[in-house]
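Walk me through this structure, one part at a time.

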Amino acid sequence: MYDLIIFLILITVGYIAGTLAEKRHYRSIRKRENAFLNLPAVTMKDVGYPAEKVKSAQMVYGSAVISIDYFKRMLAGLRNIFGGTVKSYESLIDRARREALLRMKEMAGGATVIVNVRIETSTIGKRANKKGVGCLEAIAYGTALTIEG
Amino acid sequence: MKYTPRQTESNVNVTPTSPIREFFVLMGGLLGIVILIYILLGLAVNLIVPHISVDLEKKMAAPFIRSMYAQDADTIRQHYVQALIDDLQVRCATLPYHFQVHVRKAPTINALALPGGHIIVFTGLLDKVTSENELVFVLAHEMGHYAHRDHLRGLGRAVVFMTISAFLFGPESGASRMVARGLSMTEMSFSRSQETQADEFALETLNCAYGHVAGTTDFFEKIPREQDPGRFGHYFSSHPENRQRISHLLNISRDRSFKLADRKPLPEAIKRSKDSSTGKPSPSAYP
(Lines give C-alpha, C1' and ligand atoms only; values in the text may rest on other atoms or scores of the structure.)
Protein backbone atom coordinates (compact mmCIF):
# COMPACT_ATOMS: atom_id res chain seq x y z
CA MET A 1 0.00 0.00 0.00
CA TYR A 2 2.79 2.42 0.96
CA ASP A 3 4.58 1.59 -2.26
CA LEU A 4 1.50 2.58 -4.20
CA ILE A 5 1.18 5.86 -2.32
CA ILE A 6 4.84 6.69 -2.87
CA PHE A 7 4.45 5.82 -6.52
CA LEU A 8 1.42 8.09 -6.89
CA ILE A 9 3.19 10.94 -5.10
CA LEU A 10 6.25 10.57 -7.31
CA ILE A 11 4.20 10.53 -10.48
CA THR A 12 2.16 13.58 -9.44
CA VAL A 13 5.23 15.53 -8.38
CA GLY A 14 6.95 14.45 -11.60
CA TYR A 15 4.08 15.63 -13.72
CA ILE A 16 3.52 18.98 -12.03
CA ALA A 17 7.18 19.90 -11.59
CA GLY A 18 8.11 18.59 -15.03
CA THR A 19 5.34 20.50 -16.79
CA LEU A 20 6.12 23.76 -14.96
CA ALA A 21 9.84 23.46 -15.64
CA GLU A 22 9.21 22.74 -19.30
CA LYS A 23 6.88 25.70 -19.78
CA ARG A 24 9.34 28.04 -18.11
CA HIS A 25 12.23 26.70 -20.14
CA TYR A 26 10.37 27.12 -23.42
CA ARG A 27 9.48 30.72 -22.54
CA SER A 28 13.13 31.46 -21.86
CA ILE A 29 14.25 29.64 -25.02
CA ARG A 30 11.88 31.66 -27.23
CA LYS A 31 12.93 34.92 -25.62
CA ARG A 32 16.64 34.30 -26.11
CA GLU A 33 16.16 32.95 -29.63
CA ASN A 34 14.54 36.25 -30.52
CA ALA A 35 17.45 38.11 -28.97
CA PHE A 36 19.99 36.14 -31.00
CA LEU A 37 17.99 36.32 -34.22
CA ASN A 38 20.65 38.45 -35.94
CA LEU A 39 23.44 35.95 -35.30
CA PRO A 40 22.98 33.21 -37.91
CA ALA A 41 24.26 29.73 -37.17
CA VAL A 42 24.56 27.64 -40.32
CA THR A 43 25.76 24.16 -41.20
CA MET A 44 27.70 25.34 -44.26
CA LYS A 45 31.47 25.55 -44.02
CA ASP A 46 31.74 28.62 -46.20
CA VAL A 47 29.30 31.49 -46.43
CA GLY A 48 31.16 33.38 -49.18
CA TYR A 49 33.17 36.00 -47.28
CA PRO A 50 36.67 36.53 -48.71
CA ALA A 51 39.36 35.22 -46.34
CA GLU A 52 41.03 38.64 -45.90
CA LYS A 53 37.81 40.14 -44.52
CA VAL A 54 37.57 37.58 -41.67
CA LYS A 55 38.88 39.37 -38.62
CA SER A 56 38.71 36.42 -36.29
CA ALA A 57 37.63 32.77 -36.32
CA GLN A 58 36.95 31.01 -33.06
CA MET A 59 35.53 27.66 -32.06
CA VAL A 60 32.36 28.09 -30.05
CA TYR A 61 30.29 25.43 -28.29
CA GLY A 62 27.43 25.11 -25.90
CA SER A 63 26.04 22.12 -24.10
CA ALA A 64 22.92 21.51 -22.06
CA VAL A 65 21.85 18.61 -19.87
CA ILE A 66 18.14 17.99 -19.34
CA SER A 67 16.77 15.34 -17.02
CA ILE A 68 13.57 13.41 -17.54
CA ASP A 69 10.98 13.52 -14.81
CA TYR A 70 9.27 10.54 -13.19
CA PHE A 71 6.06 10.97 -15.14
CA LYS A 72 7.79 11.13 -18.52
CA ARG A 73 9.85 8.07 -17.66
CA MET A 74 6.70 6.19 -16.70
CA LEU A 75 5.00 7.23 -19.92
CA ALA A 76 8.02 6.18 -21.97
CA GLY A 77 8.11 2.87 -20.08
CA LEU A 78 4.51 2.23 -21.06
CA ARG A 79 5.39 3.17 -24.64
CA ASN A 80 8.18 0.59 -24.50
CA ILE A 81 5.55 -2.10 -24.09
CA PHE A 82 3.25 -1.01 -26.91
CA GLY A 83 5.65 0.72 -29.30
CA GLY A 84 5.06 3.96 -31.18
CA THR A 85 6.35 7.51 -31.00
CA VAL A 86 7.80 8.30 -27.59
CA LYS A 87 6.16 11.72 -27.47
CA SER A 88 7.13 12.36 -23.89
CA TYR A 89 10.84 12.41 -24.80
CA GLU A 90 10.44 14.65 -27.85
CA SER A 91 10.28 17.88 -25.91
CA LEU A 92 13.36 16.90 -23.88
CA ILE A 93 15.51 16.48 -26.97
CA ASP A 94 14.07 19.63 -28.50
CA ARG A 95 14.83 21.65 -25.37
CA ALA A 96 18.33 20.26 -24.99
CA ARG A 97 19.30 21.02 -28.59
CA ARG A 98 17.87 24.52 -28.66
CA GLU A 99 19.43 25.34 -25.30
CA ALA A 100 22.80 24.06 -26.54
CA LEU A 101 22.53 26.22 -29.68
CA LEU A 102 21.65 29.28 -27.57
CA ARG A 103 24.62 28.74 -25.29
CA MET A 104 26.88 28.37 -28.30
CA LYS A 105 25.60 31.67 -29.65
CA GLU A 106 26.15 33.25 -26.27
CA MET A 107 29.78 32.11 -26.36
CA ALA A 108 30.17 33.61 -29.84
CA GLY A 109 29.53 37.11 -28.40
CA GLY A 110 29.76 39.77 -31.11
CA ALA A 111 30.56 37.40 -34.01
CA THR A 112 28.90 37.94 -37.39
CA VAL A 113 28.09 34.33 -38.22
CA ILE A 114 28.69 30.82 -36.89
CA VAL A 115 29.56 28.33 -39.62
CA ASN A 116 29.89 24.57 -39.73
CA VAL A 117 27.48 24.07 -36.82
CA ARG A 118 27.01 20.48 -35.60
CA ILE A 119 24.74 19.16 -32.89
CA GLU A 120 25.32 15.91 -31.04
CA THR A 121 23.36 14.20 -28.31
CA SER A 122 24.32 11.66 -25.73
CA THR A 123 22.76 10.19 -22.61
CA ILE A 124 24.52 10.62 -19.32
CA GLY A 125 23.67 9.29 -15.89
CA LYS A 126 21.72 6.50 -17.49
CA ARG A 127 21.33 3.62 -15.05
CA ALA A 128 23.25 5.63 -12.51
CA ASN A 129 20.92 4.00 -10.01
CA LYS A 130 18.55 1.12 -10.46
CA LYS A 131 15.61 3.37 -11.17
CA GLY A 132 17.31 4.34 -14.40
CA VAL A 133 16.46 8.03 -14.43
CA GLY A 134 18.43 9.19 -17.42
CA CYS A 135 19.67 12.59 -18.51
CA LEU A 136 20.14 13.85 -21.99
CA GLU A 137 23.04 16.00 -23.09
CA ALA A 138 23.09 17.99 -26.30
CA ILE A 139 26.26 19.72 -27.45
CA ALA A 140 26.35 22.22 -30.31
CA TYR A 141 29.64 23.46 -31.76
CA GLY A 142 30.76 25.54 -34.70
CA THR A 143 33.17 28.21 -35.86
CA ALA A 144 32.27 31.81 -35.07
CA LEU A 145 33.49 34.26 -37.70
CA THR A 146 33.82 38.00 -37.14
CA ILE A 147 33.77 39.90 -40.41
CA GLU A 148 35.28 43.33 -41.01
CA GLY A 149 33.20 46.21 -42.23
CA MET B 1 22.59 34.75 -50.51
CA LYS B 2 20.65 36.95 -48.18
CA TYR B 3 20.02 36.09 -44.57
CA THR B 4 16.56 36.93 -43.36
CA PRO B 5 16.23 36.65 -39.59
CA ARG B 6 12.97 35.03 -38.54
CA GLN B 7 11.63 32.98 -35.69
CA THR B 8 9.77 29.79 -36.64
CA GLU B 9 6.24 29.77 -35.34
CA SER B 10 5.53 26.07 -35.05
CA ASN B 11 7.73 23.36 -33.60
CA VAL B 12 7.80 20.30 -35.84
CA ASN B 13 9.94 18.29 -33.45
CA VAL B 14 7.47 18.16 -30.59
CA THR B 15 4.12 16.50 -31.12
CA PRO B 16 1.32 18.51 -29.56
CA THR B 17 -0.19 15.94 -27.22
CA SER B 18 -1.95 15.49 -23.91
CA PRO B 19 0.43 13.41 -21.81
CA ILE B 20 -2.24 12.69 -19.19
CA ARG B 21 -4.56 11.25 -21.79
CA GLU B 22 -1.75 9.18 -23.29
CA PHE B 23 -0.90 7.89 -19.83
CA PHE B 24 -4.43 6.74 -19.09
CA VAL B 25 -4.89 5.16 -22.52
CA LEU B 26 -1.65 3.17 -22.20
CA MET B 27 -2.28 2.27 -18.56
CA GLY B 28 -5.82 1.14 -19.36
CA GLY B 29 -4.60 -0.98 -22.24
CA LEU B 30 -1.97 -2.57 -20.06
CA LEU B 31 -4.43 -3.31 -17.26
CA GLY B 32 -6.87 -4.78 -19.76
CA ILE B 33 -4.22 -7.13 -21.10
CA VAL B 34 -3.12 -8.16 -17.60
CA ILE B 35 -6.71 -8.88 -16.59
CA LEU B 36 -7.26 -10.92 -19.74
CA ILE B 37 -4.10 -12.97 -19.14
CA TYR B 38 -5.11 -13.45 -15.52
CA ILE B 39 -8.55 -14.76 -16.49
CA LEU B 40 -7.15 -17.04 -19.21
CA LEU B 41 -4.40 -18.46 -17.00
CA GLY B 42 -6.93 -18.82 -14.18
CA LEU B 43 -9.06 -20.98 -16.46
CA ALA B 44 -5.95 -22.93 -17.44
CA VAL B 45 -5.20 -23.52 -13.74
CA ASN B 46 -8.69 -24.95 -13.27
CA LEU B 47 -8.06 -27.37 -16.12
CA ILE B 48 -4.64 -28.43 -14.85
CA VAL B 49 -5.47 -28.85 -11.14
CA PRO B 50 -7.34 -32.18 -11.44
CA HIS B 51 -4.25 -33.66 -13.12
CA ILE B 52 -1.79 -32.67 -10.39
CA SER B 53 -1.06 -35.69 -8.20
CA VAL B 54 -0.86 -35.30 -4.43
CA ASP B 55 2.83 -36.33 -4.58
CA LEU B 56 3.59 -33.57 -7.05
CA GLU B 57 1.65 -31.12 -4.88
CA LYS B 58 3.75 -32.07 -1.85
CA LYS B 59 6.97 -31.64 -3.79
CA MET B 60 5.91 -28.24 -5.09
CA ALA B 61 4.80 -27.09 -1.66
CA ALA B 62 7.91 -28.29 0.20
CA PRO B 63 10.13 -25.21 -0.33
CA PHE B 64 7.41 -22.86 0.87
CA ILE B 65 6.23 -24.95 3.78
CA ARG B 66 9.66 -25.52 5.34
CA SER B 67 9.75 -22.06 6.91
CA MET B 68 6.43 -22.69 8.63
CA TYR B 69 7.76 -25.22 11.13
CA ALA B 70 9.92 -22.50 12.61
CA GLN B 71 6.84 -20.39 13.37
CA ASP B 72 4.90 -23.18 15.04
CA ALA B 73 3.73 -22.42 18.54
CA ASP B 74 1.37 -23.73 21.19
CA THR B 75 2.16 -27.43 21.51
CA ILE B 76 -0.77 -28.58 23.64
CA ARG B 77 -3.46 -27.28 21.35
CA GLN B 78 -1.47 -28.18 18.25
CA HIS B 79 -1.34 -31.83 19.38
CA TYR B 80 -5.01 -31.79 20.24
CA VAL B 81 -6.06 -30.45 16.81
CA GLN B 82 -3.65 -32.84 15.11
CA ALA B 83 -5.26 -35.77 16.97
CA LEU B 84 -8.74 -34.62 15.88
CA ILE B 85 -7.66 -34.47 12.25
CA ASP B 86 -5.90 -37.82 12.37
CA ASP B 87 -9.04 -39.34 13.88
CA LEU B 88 -11.26 -37.87 11.13
CA GLN B 89 -8.78 -39.08 8.55
CA VAL B 90 -8.90 -42.66 9.85
CA ARG B 91 -12.60 -42.97 10.59
CA CYS B 92 -14.48 -40.76 8.17
CA ALA B 93 -12.78 -38.72 5.48
CA THR B 94 -9.88 -40.71 4.13
CA LEU B 95 -7.99 -38.33 1.87
CA PRO B 96 -4.65 -39.03 0.18
CA TYR B 97 -2.92 -36.43 2.36
CA HIS B 98 -0.80 -36.60 5.46
CA PHE B 99 -2.30 -33.65 7.29
CA GLN B 100 -0.05 -31.49 9.39
CA VAL B 101 -1.57 -28.91 11.73
CA HIS B 102 0.21 -25.60 12.37
CA VAL B 103 -1.11 -23.33 15.10
CA ARG B 104 -0.51 -19.64 14.44
CA LYS B 105 -0.86 -16.86 16.96
CA ALA B 106 -3.34 -14.46 15.37
CA PRO B 107 -6.75 -13.13 16.33
CA THR B 108 -8.29 -14.36 13.06
CA ILE B 109 -11.21 -16.72 13.68
CA ASN B 110 -10.38 -19.10 10.87
CA ALA B 111 -8.29 -21.94 9.51
CA LEU B 112 -6.49 -22.18 6.17
CA ALA B 113 -5.76 -25.04 3.79
CA LEU B 114 -2.25 -24.82 2.31
CA PRO B 115 -0.85 -27.13 -0.38
CA GLY B 116 0.70 -30.41 0.72
CA GLY B 117 -1.83 -31.07 3.51
CA HIS B 118 -0.71 -28.25 5.82
CA ILE B 119 -3.61 -26.79 7.77
CA ILE B 120 -3.09 -23.51 9.57
CA VAL B 121 -5.31 -22.97 12.61
CA PHE B 122 -5.30 -19.51 14.13
CA THR B 123 -5.39 -19.15 17.89
CA GLY B 124 -8.33 -16.78 17.41
CA LEU B 125 -10.39 -19.75 16.31
CA LEU B 126 -9.17 -21.98 19.14
CA ASP B 127 -10.00 -19.26 21.66
CA LYS B 128 -13.53 -18.89 20.37
CA VAL B 129 -14.72 -22.46 19.85
CA THR B 130 -16.86 -23.82 22.65
CA SER B 131 -17.19 -27.46 21.66
CA GLU B 132 -15.21 -30.14 19.91
CA ASN B 133 -17.99 -30.56 17.34
CA GLU B 134 -17.68 -26.95 16.32
CA LEU B 135 -13.91 -27.23 15.88
CA VAL B 136 -14.25 -30.49 13.95
CA PHE B 137 -16.71 -28.85 11.58
CA VAL B 138 -14.20 -26.11 10.73
CA LEU B 139 -11.40 -28.65 10.30
CA ALA B 140 -13.61 -30.88 8.14
CA HIS B 141 -14.50 -27.82 6.07
CA GLU B 142 -10.80 -27.29 5.35
CA MET B 143 -10.46 -30.99 4.56
CA GLY B 144 -13.34 -30.51 2.12
CA HIS B 145 -11.20 -27.96 0.29
CA TYR B 146 -8.48 -30.60 0.01
CA ALA B 147 -10.99 -33.18 -1.21
CA HIS B 148 -12.03 -30.82 -4.03
CA ARG B 149 -8.49 -29.46 -4.46
CA ASP B 150 -9.76 -25.90 -4.08
CA HIS B 151 -6.57 -24.81 -2.34
CA LEU B 152 -4.58 -25.53 -5.51
CA ARG B 153 -6.92 -23.45 -7.62
CA GLY B 154 -6.56 -20.45 -5.36
CA LEU B 155 -2.80 -20.84 -5.16
CA GLY B 156 -2.49 -21.41 -8.91
CA ARG B 157 -4.14 -18.09 -9.60
CA ALA B 158 -1.94 -16.42 -7.00
CA VAL B 159 1.18 -17.77 -8.71
CA VAL B 160 -0.14 -16.57 -12.06
CA PHE B 161 -0.69 -13.11 -10.66
CA MET B 162 2.74 -12.97 -9.06
CA THR B 163 4.37 -14.08 -12.32
CA ILE B 164 2.63 -11.33 -14.27
CA SER B 165 3.63 -8.72 -11.75
CA ALA B 166 7.25 -9.90 -11.65
CA PHE B 167 7.34 -9.89 -15.43
CA LEU B 168 5.97 -6.37 -15.73
CA PHE B 169 7.63 -4.60 -12.84
CA GLY B 170 10.62 -6.84 -12.06
CA PRO B 171 10.85 -9.34 -9.19
CA GLU B 172 12.39 -6.89 -6.72
CA SER B 173 10.12 -3.93 -7.39
CA GLY B 174 7.74 -2.44 -4.89
CA ALA B 175 4.74 -3.43 -6.96
CA SER B 176 5.72 -7.09 -6.85
CA ARG B 177 6.27 -7.01 -3.11
CA MET B 178 2.89 -5.37 -2.70
CA VAL B 179 1.23 -8.09 -4.76
CA ALA B 180 2.98 -10.82 -2.78
CA ARG B 181 1.81 -9.33 0.49
CA GLY B 182 -1.76 -8.99 -0.70
CA LEU B 183 -1.77 -12.61 -1.80
CA SER B 184 -1.59 -14.01 1.71
CA MET B 185 -5.21 -12.90 1.91
CA THR B 186 -6.48 -13.48 -1.60
CA GLU B 187 -4.82 -16.77 -2.37
CA MET B 188 -7.02 -18.53 0.15
CA SER B 189 -10.27 -16.98 -0.90
CA PHE B 190 -12.58 -19.45 -2.51
CA SER B 191 -15.67 -19.03 -4.61
CA ARG B 192 -19.18 -19.47 -3.27
CA SER B 193 -19.73 -22.87 -4.84
CA GLN B 194 -16.38 -24.09 -3.49
CA GLU B 195 -17.37 -23.01 0.02
CA THR B 196 -20.77 -24.65 -0.26
CA GLN B 197 -19.19 -27.91 -1.40
CA ALA B 198 -16.71 -27.81 1.46
CA ASP B 199 -19.60 -27.14 3.87
CA GLU B 200 -21.45 -30.20 2.61
CA PHE B 201 -18.31 -32.29 2.94
CA ALA B 202 -17.85 -31.04 6.50
CA LEU B 203 -21.46 -31.84 7.40
CA GLU B 204 -21.11 -35.43 6.18
CA THR B 205 -17.83 -35.82 8.02
CA LEU B 206 -19.25 -34.40 11.25
CA ASN B 207 -22.21 -36.78 11.07
CA CYS B 208 -19.86 -39.68 10.46
CA ALA B 209 -17.55 -38.76 13.32
CA TYR B 210 -20.16 -38.17 16.03
CA GLY B 211 -23.33 -39.74 14.66
CA HIS B 212 -25.07 -36.38 14.86
CA VAL B 213 -24.54 -32.85 13.50
CA ALA B 214 -24.86 -30.65 16.58
CA GLY B 215 -22.42 -27.74 16.57
CA THR B 216 -22.40 -27.36 12.79
CA THR B 217 -23.51 -23.78 12.65
CA ASP B 218 -21.92 -22.59 15.89
CA PHE B 219 -18.89 -21.30 14.03
CA PHE B 220 -20.92 -19.10 11.68
CA GLU B 221 -22.83 -17.53 14.51
CA LYS B 222 -19.53 -16.28 15.92
CA ILE B 223 -18.33 -14.63 12.74
CA PRO B 224 -21.00 -12.02 11.98
CA ARG B 225 -20.52 -10.27 15.27
CA GLU B 226 -16.75 -10.18 15.28
CA GLN B 227 -15.80 -10.06 11.62
CA ASP B 228 -18.75 -8.57 9.83
CA PRO B 229 -18.39 -9.42 6.14
CA GLY B 230 -20.25 -6.25 5.23
CA ARG B 231 -17.83 -3.89 6.88
CA PHE B 232 -14.55 -5.74 6.70
CA GLY B 233 -15.42 -7.63 3.58
CA HIS B 234 -11.87 -8.28 2.42
CA TYR B 235 -11.53 -11.86 3.50
CA PHE B 236 -14.96 -13.17 4.31
CA SER B 237 -16.53 -11.60 1.26
CA SER B 238 -15.50 -14.70 -0.62
CA HIS B 239 -17.53 -16.80 1.75
CA PRO B 240 -21.23 -16.84 0.88
CA GLU B 241 -23.39 -14.88 3.22
CA ASN B 242 -23.17 -16.73 6.49
CA ARG B 243 -26.92 -16.80 6.87
CA GLN B 244 -27.27 -18.52 3.51
CA ARG B 245 -24.66 -21.05 4.51
CA ILE B 246 -26.41 -21.76 7.77
CA SER B 247 -29.80 -22.28 6.13
CA HIS B 248 -28.23 -24.45 3.43
CA LEU B 249 -26.63 -26.67 6.08
CA LEU B 250 -29.88 -26.90 8.05
CA ASN B 251 -31.77 -27.86 4.90
CA ILE B 252 -29.35 -30.66 4.11
CA SER B 253 -29.45 -31.91 7.69
CA ARG B 254 -33.23 -32.06 7.45
CA ASP B 255 -33.24 -33.74 4.02
CA ARG B 256 -30.80 -36.42 5.08
CA SER B 257 -32.46 -36.65 8.53
CA PHE B 258 -29.24 -36.11 10.45
CA LYS B 259 -29.75 -36.22 14.19
CA LEU B 260 -28.90 -33.62 16.82
CA ALA B 261 -27.44 -34.46 20.22
CA ASP B 262 -25.33 -32.96 22.99
CA ARG B 263 -22.09 -31.31 21.96
CA LYS B 264 -18.82 -32.78 23.17
CA PRO B 265 -17.06 -30.16 25.29
CA LEU B 266 -13.42 -29.27 24.75
CA PRO B 267 -10.95 -31.09 27.03
CA GLU B 268 -10.08 -29.19 30.21
CA ALA B 269 -6.42 -28.85 29.19
CA ILE B 270 -7.39 -27.06 25.99
CA LYS B 271 -9.75 -24.67 27.74
CA ARG B 272 -7.06 -23.83 30.28
CA SER B 273 -4.43 -23.12 27.66
CA LYS B 274 -6.51 -20.36 26.18
CA ASP B 275 -4.71 -17.73 28.16
CA SER B 276 -1.25 -19.24 28.48
CA SER B 277 0.41 -20.14 25.25
CA THR B 278 3.47 -22.31 25.54
CA GLY B 279 6.67 -21.79 23.63
CA LYS B 280 8.03 -23.60 20.66
CA PRO B 281 7.43 -27.33 20.25
CA SER B 282 10.22 -29.82 20.55
CA PRO B 283 11.84 -30.50 17.17
CA SER B 284 11.28 -34.23 17.57
CA ALA B 285 7.57 -33.68 17.09
CA TYR B 286 8.17 -32.98 13.42
CA PRO B 287 9.87 -35.59 11.31
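In strand 3 of chain B, A111(B) has V121(B) as its bridge partner. Strands here are DSSP runs of E with at least two residues, helices are runs of H or I with at least four residues, and both are numbered from the N terminus. This is a predicted model: local features need pLDDT of at least 70, side-chain atom pairs count only at pLDDT 80 or more, and totals for chains, interfaces and linings use all residues. Residues are numbered from 1 along each chain as its sequence is written, while chains are lettered from A and ligands numbered from 1 in the order in which they are written.

Stay with strand 3 of chain B. Strand 2 (residues 111-114) of chain B pairs with strand 3 in the antiparallel sense, over 4 bridges. Two strands count as paired if DSSP finds at least two bridges between them. Strand 2 and strand 3 of chain B form a hairpin, with 3 residues between them. In the turn, G116(B) has a positive phi of about 85°.

Strand 3 of chain B has another partner to meet. Strand 1 (residues 100-104) of chain B runs parallel to strand 3 of chain B, and 5 bridges join them. Here H102(B) has I120(B) as its bridge partner in strand 3 of chain B. How covered is strand 3 (residues 118-122) of chain B? Mostly: 4 of its 5 residues are buried. A residue is buried if 20 or more other C-beta atoms lie within 10 Å of its own, exposed if 12 or fewer, and partly exposed in between, with C-beta atoms placed from the backbone.

Now step back to the whole chain. Chain B has 11 helices and 3 strands. Along the sequence, the pattern is α-α-α-β-β-β-α-α-α-α-α-α-α-α. Of the 287 residues of chain B, 27% count as buried. Contacts in chain B between residues at least 6 apart in sequence include 74% that join residues at least 24 apart. Two residues are in contact if their C-beta atoms, placed from the backbone, lie within 7 Å.

Helix 10 (residues 242-255) of chain B has 14 residues. Its first and last C-alpha are 20 Å apart, close to the 20 Å expected at 1.5 Å a residue. The expected span is 1.5 Å times one less than the number of residues. Just after helix 10 of chain B, S257(B) takes a positive phi of about 45°.

Turn to chain A. Helix 2 (residues 70-82) of chain A has 13 residues and should span 18 Å at 1.5 Å a residue; its end C-alpha atoms lie 19 Å apart, which agrees. Its buried residues are F71(A), K72(A), R73(A), M74(A) and L75(A). What covers these buried residues includes helix 1 (2-35) and helix 3 (87-108) of chain A, together with helix 1 of chain B. After helix 2 of chain A comes G83(A), whose phi is positive, near 85°.

Finally, look where the chains meet. The contact takes 19 residues from chain B and 20 residues from chain A. On the side of chain B that touches chain A, helix 1 (19-48) and helix 7 (174-186) of chain B are the elements that give two or more residues. The largest share, 7 residues, comes from helix 1 of chain B. The residues of this side divide into 10 nonpolar, 7 polar and 2 charged. Ala, Val, Leu, Ile, Met, Phe, Trp, Tyr, Cys and Pro count as nonpolar, Asp, Glu, Lys and Arg as charged, and the others, Gly among them, as polar.
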